[in-house]
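Please examine the sequence and the model before reading on.

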Amino acid sequence: MMTTSDEKAPYGAAPATGALGLYIHIPFCVRKCRYCDYTSCEVGDKDVHFAYALKVIYELRAKRAALAGVQAPRFGALDCEAPVVDTVYIGGGTPSFIEAGFVTEILDAVYTTYRVTDDAEVTIEVNPGTVDEEKFRRYASSGINRISVGAQSFSVGSLAFLGRIHQAEDTVKCVLDARAVGIENISLDLIYGVPGQGRDGWEKDLAAAASLSPSHISIYDLTIEEGTPLHADYMRGGFEAVSEEDDRLMYHIAKGYLAEQGFRLYELSNSARPGKESRHNMKYWSMEPYAGFGLGAHSYFGGLRLSNTSELDAYLTAESESDMTDWVHENTLSDDMSEFVFLGLRRTSGIELSRFNSCFGRDFWELYGEETNRLIGRGLLEKSGDALRLTSLGLDLANSVFREYVLE
Amino acid sequence: MAKQDRIRNFSIIAHIDHGKSTLADRILEYTGTVANRDMREQFLDNMDLERERGITIKLQTSRLHYKADDGEDYVLNLIDTPGHVDFTYEVSRSLAACEGAVLVVDATQGVEAQTLANVYLAMNEDLEIVPVLNKIDLASAEPDRVKDEIEDLIGIDTEGAPLISAKEGLGIRDVLEAVVKHVPAPAGNADGRLKALIFDSYYDNYKGVVIYARIFDGSVRRGDMIRLMSTDRDYEVTEVGWYAPGPVEAKSLSAGEVGYIAASIKQVADARVGDTVTLADTPADAPLKGYKKAQPMVYCGIFPADGEKYEAVKDAIEKLQVNDAAFQFEPETSTALGYGFRCGFLGLLHMEIIVERLEREFDLSIITTSPSVIYEVYMKDGRMELIHNPSNLPEPDDMDHVEEPIVKADIMLPKEYVGSIMDLCQDRRGVMLHMEYVTENRVLLHYELPLNEVIYDFFDALKSKTRGYGSLDYEFIRYQQSKIVKLDILLNKEQVDAFSMLVHESKAYSRGKFVTEKLKDIIPRHQFEVPVQASIGQKVIARSTVKAYRKDVIAKCYGGDITRKKKLLEKQKEGKKRMRQFGSVEVPQEAFTAVLKYDDNK
């Protein structure tokens with residue numbers, strides 16, 4: 001994904017492609033899952049969905065001017081007013097819950113406002129039970145070429161524990177329906193560390209997922225986040241959390257199994273068949289620019305990190321782009337350097353040290369030599385040629401590594 | 001110069017929180033010494049810390065003018081006394097400067113342990129005691145019952161004792177009338193040779209040490225050469241005067257008066273409380289009785305925390321000592337904590353106050369180690385060594401025996417808590433001398449307790465077990481032979497000297513267990529297992545284990561929300577910065593104080 005560039009970035013990490021990623025958030029869900037702490041809400045009212053889609057379209061247009069300025073110089077040279085975009089990701093919530101027409105309207109606005117490259121990766125998250133072949137046909141015809149399916153598990157017990165609305169067969173149908181209309185680039189999300197799942201259950205989930213021949217599989221551990229119904233249940237003693245040892249055992253089982261099946265773990269939680277890595281998500285870990293639209297969406301462009309408001313009412317009644325913004329943070333050089341390292345280390349290929357040096361004009365070893373050597377000594381990092389990456393143990397204790405690169 | 005028979009020198013004594021400082025404020029206000037609008041609450045307690053804790057540490061004194069009912073103008077010298085067990089000697093010297101004491105008793109609470117302790121001190125100085133019942137505005141006030149208590153326990157007449165509310169300013173004049181009527185005018189010969197008692201001193205940047213003194217005989221004025229009798233050193237007086245409550249320079253001070261003397265003395269330690277001031281060319285033949293050098297009873301190590309400069313701590317400690325003769329220090333080196341100081345205090349409260357002042361007034365970040373008393377270690381070769389630092393305890397083979405300080409403790413409490421406090425005292429190796437019913441509902445326990453059991457957390461335990469109603473007073477009585485051992489703490493098999501402590505053999509196991517359990521909870525998990533052990537010599541007597549973490553990763557990084565993740569990492573890193581590295585083990589600085597704290601659930 002990353003191309004070595006001789007050009008020195010004016011500030012921060014030079015974008016690998018120079019093109020933008022767009023993230024569009026659809027917060028609505030049929031029902032909020034027990035473990036979910038994302039920006040989402042149980043709103044089924046089509047009028048609200050419609051009003052929301054219009055706001056997103058407004059925001060897509062309103063941000064265009066700001067985004068035109070962040071294109072890398074070589075695109076600027078094309079004298080093209082519309083910013084160039086090579087990935088679009090519609091996430092949620094449950095984007096597949098709202099009418100396909102709203103999604104295609106939003107995508108139309110993307111295409112007319114931005115210069116989306118011919119080979120762009122356009123993803124939508126879908127949840128089994130909210131889509132059918134017809135919906136996929138509409139998606140495909142509006143340019144969507146990748147879906148990310150919230151399968152989570154194929155076990156009745158786990159799906160019930162998580163509070164999902166679907167059954168295993170819905171996931172199977174969902175994948176088949178997408179394929180039927182020609183969407184071949186399919187990712188499945190799985191959750192491990194669910195109480196009662198056990199090692200056996202997890203292996204079955206992995207096998208079931210692999211049998212659907214997706215191109216990409218994400219594996220997430222169940223996190224008991226404060227403020228969720230799951231957390232309340234846990235505090236009441238409703239269930240026992242899976243031990244750290246079992247959690248890690250499941251992770252490494254998955255890593256091995258997926259490798260056997262031809263999937264390469266390319267990031268802490270993401271695996272893909274060669275060439276099928278999520279180009280959009282890679283932007284997050286590679287300090288490439290992306291712009292977020294919709295409720296609670298985050299952006300990183302032009303040296304700024306921004307977040308939109310997470311209040312639905314505030315978003316819907318916003319009269320300007322700035323009304324939608326919750327906060328803006330101007331990244332300092334040290335912000336960029338530490339993000340480059342700790343985000344980059346999420347990728348199993350790690351970071352390229354020469355790239356760090358050329359991006360920032362600072363020597364990595366001079367800045368971080370002491371902590372890096374200590375982490376290597378602790379068996380958490382390894383150096384291989386120009387690359388610095390997490391070891392297998394480092395994957396388990398990644399935060400202990402990342403912490404060291406957060407500058408004071 | 002005031003007429004001697006129109007002078008009244010008095011203190012106010014009370015149990016903590018019974019309203020001493022509030023009454024002092026009202027008296028200043030009533031006599032117009034401090035205008036109402038300038039009145040800060042509790043004028044005499046001028047350190048923030050004192051105000052917060054509601055106790056007086058450094059006393060201040062004030063000269064008041066009062067026109068009594070008999071039509072005469074009186075000069076009243078109000079001598080404030082420090083209000084805590086640690087400062088008993090200072091209290092006794094303040095009282096020695098007076099002829100009378102106003103005894104304030106909370107009409108809702110009655111007589112408490114410190115009420116009695118203070119009354120006994122006053123009686124030792126032959127003071128006239130003027131009882132006053134405070135807080136009579138409260139619905140729960142029971143003045144009659146409390147009067148009976150005072151008569152029964154203290155044996156003084158409460159007939160006509162003023163019933164007041166210092167808070168509301170009720171009955172203040174009654175108190176002043178009682179002082180004028182009952183407290184005798186000072187005796188003493190103004191023409192005799194100078195004899196003045198130092199009852200306090202403080203350091204002033206311009207004047208040097210300023211002595212608070214009561215003149216018993218003779219007089220003193222600017223230009224006199226004075227002599228401090230305990231050191232036999234002479235100084236030229238640069239100024240005399242009194243506080244009202246700001247300094248007012250005077251021509252002279254003479255017999256019966258109370259005021260200040262400045263004589264370019266460099267250190268507070270040179271003008272010690274209890275010493276006698278006389279004139280160099282016509283010295284008194286004998287000093288006033290009762291001089292005692294302040295002796296630290298409790299020691300602990302004070303070290304700069306990570307990132308704090310040794311020099312900054314040293315400067316601050318030196319500054320505090322200039323003003324506090326009872327506070328002593330010497331350099332100390334710890335393998336765990338580096339360069340620091342071994343500091344001596346009068347007691348636990350004194351220690352806490354100094355530590356808090358270092359942290360707050362000087363904005364320092366410091367680590368304190370386990371407090372220790374002074375042990376007398378008798379060696380096989382006949383020598384005796386004073387040991388207050390666990391690291392200096394000689395090898396067991398070289399020691400013949402060890403003696404530890406014992407205190408006499410008076411504990412007053414509601415009778416329903418007697419059982420649990422007797423358990424507590426027994427647990428702390430106490431020996432009960434006797435027990436008396438003060439009233440139907442309240443009990444006074446007399447115990448002998450090893451001081452080293454009192455200094456850890458006894459007071460917190462007492463307060464906790466009696467819901468705050470128990471009160472304590474103690475004084476040193478003697479040294480006594482005891483089986484003292486050195487308890488070491490090892491983290492990951494390496495001894496951390498800053499955690500070492502000297503304990504009685506019978507307490508080593510429970511103390512060791514407590515500390516290892518506490519450290520298990522407070523030391524964060526590492527990449528490897530950390531054994532925490534307590535040992536005596538080579539023998540491990542208690543252990544716990546900080547389990548290794550197997551997982552420290554956030555799988556999700558959703559929708560490009562980097563910031564939330566980064567903030568979490570920053571917070572974790574911030575936490576790590578406050579850690580102290582011992583070998584490969586990181587220990588939070590709170591660990592050092594946490595192992596000393598009383599734990600209800602223990």
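Reader: In β10(B), which residue is the bridge partner of M225(B)?

Author: This is a predicted model, in which local features need pLDDT of at least 70, side-chain atom pairs count only at pLDDT 80 or more, and totals for chains, interfaces and linings use all residues. Residues are numbered from 1 along each chain as its sequence is written, and chains are lettered from A and ligands numbered from 1 in the order in which they are written. Strand β9 of chain B, residues 225–228, runs antiparallel to β10(B) and is joined to it by four bridges; strands are DSSP runs (E, at least two residues) numbered from the N terminus. Within β10(B), M225(B) has as its bridge partner E236(B).

Reader: Which are the edge strands of the open sheet in chain B?

Author: The sheet has eight strands in the order β10-β9-β15-β6-β7-β14-β11-β12, with antiparallel pairing; two strands pair if DSSP finds at least two bridges between them. Pairing on one side only marks the edge strands, β10 (233–236) and β12 (247–250) of chain B.

Reader: Which element gives the most residues to the side of chain A that touches chain B?

Author: In total, 34 residues of chain A are in contact with 21 residues of chain B, where contact requires C-beta atoms, placed from the backbone, within 7 Å. Elements giving two or more residues to this side of chain A include β1 (20–26), α10 (244–260) and α18 (398–403); helices are DSSP runs of H or I, at least four residues. The most, five residues, come from α18(A).

Terms used: Contact = placed C-beta atoms within 7 Å.
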